[in-house]
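Subject: Handover of a structure, with findings

Dear colleague,

Please find below the sequence and the structure that I am handing over to you. My notes on what was found follow directly after them.

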Amino acid sequence: MKRWMKLMSMAIVAAFVVSALSACGNQASEGEGTLAKIKSRGKVIAGVKYDLNLFGLKDPATGKVQGLDIDIAKQIAKKVLGDEDAIEFMEVTSKTRIPMLKNGDIDFIIATMTITDERKKEIDFSDVYFTAGQSLLVPADSPINSIKDLTKDSKVLTAKGSTSAKNIRESAPDAQILEFENYAEAFTALKAKQGSALTTDNALLYGMAKQDNNFRVLDETFTEEPYGIGIRKGDTEFIKAVNDTLKELKENGEYEKMYEKWIGKKPN
C-alpha cells in the first residue's frame, strides 16, 4: 500500500513538472518576436488592401496585388529574409487590420493606415512613409467644390473603421455619413448615385479618379494623414528592422522611384 502511494505521488509530481514545462514552452512561443517567427516560417505575411488603386489593388486577371504599399512590403521581406518574393499578402480592411495583427494572422499592416494616438494604444507604428490629406471625390459635374458645400441632404460615403469616417463627422456634422465594408464598395455606391461624395485620403481618391474620369478630387484637404506601418505592441526589434528598411530606401533613392511610379510625382 505504501509503495502504491509512493508511486502515485511520483506520478503526480511528474505530471506537474511536465505541465509546468509545457506552460513555460507556450509562454516562450507566445512571447516570440515577429523577426524570429518570420525566419522560422521562411516568409513574411503582410496585411494589405486589395481595393485601393496606387497602394494595394488586386488584378482579378492575374491575382497579383500591386501598389506602393506592396513594393515597400517586398523590401521589408528582402531586408529580413534576403528575398523580396518571400512574402504572402493577406487582405485586410480598415475594420479587420488591427485585430488580425493582434491575433498574429499577419506580421505587419501596410494598408494606408494613419498614425493616430488612439491606435497607438493598441499597436506600434513605424516611421511615417507617406503623408496624405483627407478630401472628397465627387462627380465631375458636381456643384460641391469644398467641404463647406456639404449640407444635411448630402450623403458622404466612406469605409467602416477608418479615420475618414471620424474626420468627416467632425468636419461636416450636418452631412449624412454612409459606411461600407471597404472603399471599393463605397466607390461602386458613388457610381450608382447612392451618395453625393466619397471621402478618404486624397492619395486614394486620385487612384479612384484615375480609374474613372467621370469623377474628380477636390483640391481642398481638411486633415493631414501620416501613414505608418502597423506592428505588434512592444516588438522593438521588428520596428527597428522596418524603420531601417524605410531609411535605406530613402537614402538610396529607391523610395523616390517607387513613389513617382505610383503617385505620378516626386515626394515633397
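A residue is called buried when its relative accessible area is under 20%, and exposed when that area is over 50%. F187 has a relative accessibility of 5%, so F187 counts as buried.

The average pLDDT of the protein chain is 89, and 88% of the residues score at least 70. Two stretches call for caution. Over residues 4-8 the pLDDT stays under 50, and the model has zero contacts there beyond four places in sequence. Over residues 10-30 the pLDDT also stays under 50, with one contact beyond four places in sequence. Where pLDDT is low, the predicted coordinates should not be read in detail.

Aromatic pairs

How many aromatic pairs does the model contain? The count comes to eight. In one of them, the ring centres of Y129 and Y227 are 6.2 Å apart and the planes meet at 50 degrees, so this pair is tilted. Y129 lies in the loop between β7 and β8 (130-132), whereas Y227 belongs to strand β14 (residues 225-227); the pair thus links distant parts of the chain, 98 residues apart. Y129 and Y227 are both buried.

A further pair is formed by F187 and F215, with centres 5.5 Å apart and planes at 70 degrees, so the pair is edge-to-face. This pair, too, links distant parts of the chain: F187 is in helix α7 (residues 183-191) and F215 is in strand β13 (residues 215-217), 28 residues apart. Since F215 has a relative accessibility of 10%, F215 counts as buried.

Ring pairs also join F55, Y129, F130, Y227, Y255 and Y259 into a cluster.

Charges over rings

Two lysines are placed over aromatic rings. The charged end of K191 sits over the ring of F187, at 4.4 Å from the ring centre. K250 lies over the face of Y255, and here the distance to the ring centre is 5.3 Å.

Helix α9

Helix α9 covers residues 236-251, which makes 16 residues. From its first C-alpha to its last, α9 reaches 22 Å, close to the 22 Å expected at 1.5 Å a residue. Which residues of α9 are buried? They are F238, I239, A241, V242, N243, T245, L246 and L249. These buried residues pack against several elements, among them the helices α2 (34-41), α3 (68-81) and α10 (254-263). Strands β6 (108-109), β7 (123-125) and β15 (230-232) are also packed against by the buried residues of α9. After α9 comes G253, which has a positive phi near 85 degrees.

Most residues other than glycine have a negative phi. T112 is not a glycine, yet its phi is positive, at about 45 degrees. T112 is located in the loop between β6 and α5 (117-120). With 6% relative accessibility, T112 counts as buried.

K193 likewise has a positive phi, near 65 degrees. K193 is found in the loop between α7 and β12 (197-201). Is K193 buried or exposed? Its relative accessibility is 75%, so K193 counts as exposed.

Yours sincerely,
A colleague

Definitions and conventions:
Residues are numbered from 1 along each chain as its sequence is written. This is a predicted model: local features need pLDDT of at least 70, side-chain atom pairs count only at pLDDT 80 or more; totals for chains, interfaces and linings use all residues. Side-chain values use heavy atoms; hydrogens and water are left out. Helices (H or I, at least four residues) and strands (E, at least two) are DSSP runs, numbered from the N terminus. The expected span of a helix is 1.5 Å times one less than its number of residues. Buried means under 20% relative accessible area, exposed over 50%, partly exposed in between (1.4 Å probe, protein chains only). Contact means heavy atoms within 4.5 Å. Rings of Phe, Tyr and Trp (its six-membered ring) pair if their centres lie within 6.5 Å; planes under 30 degrees apart count as stacked, over 60 as edge-to-face and the rest as tilted. A charge sits over a ring if NZ of Lys or CZ of Arg is within 6 Å of the ring centre and within 35 degrees of the ring normal. pLDDT is the predictor's confidence in each residue, from 0 to 100.
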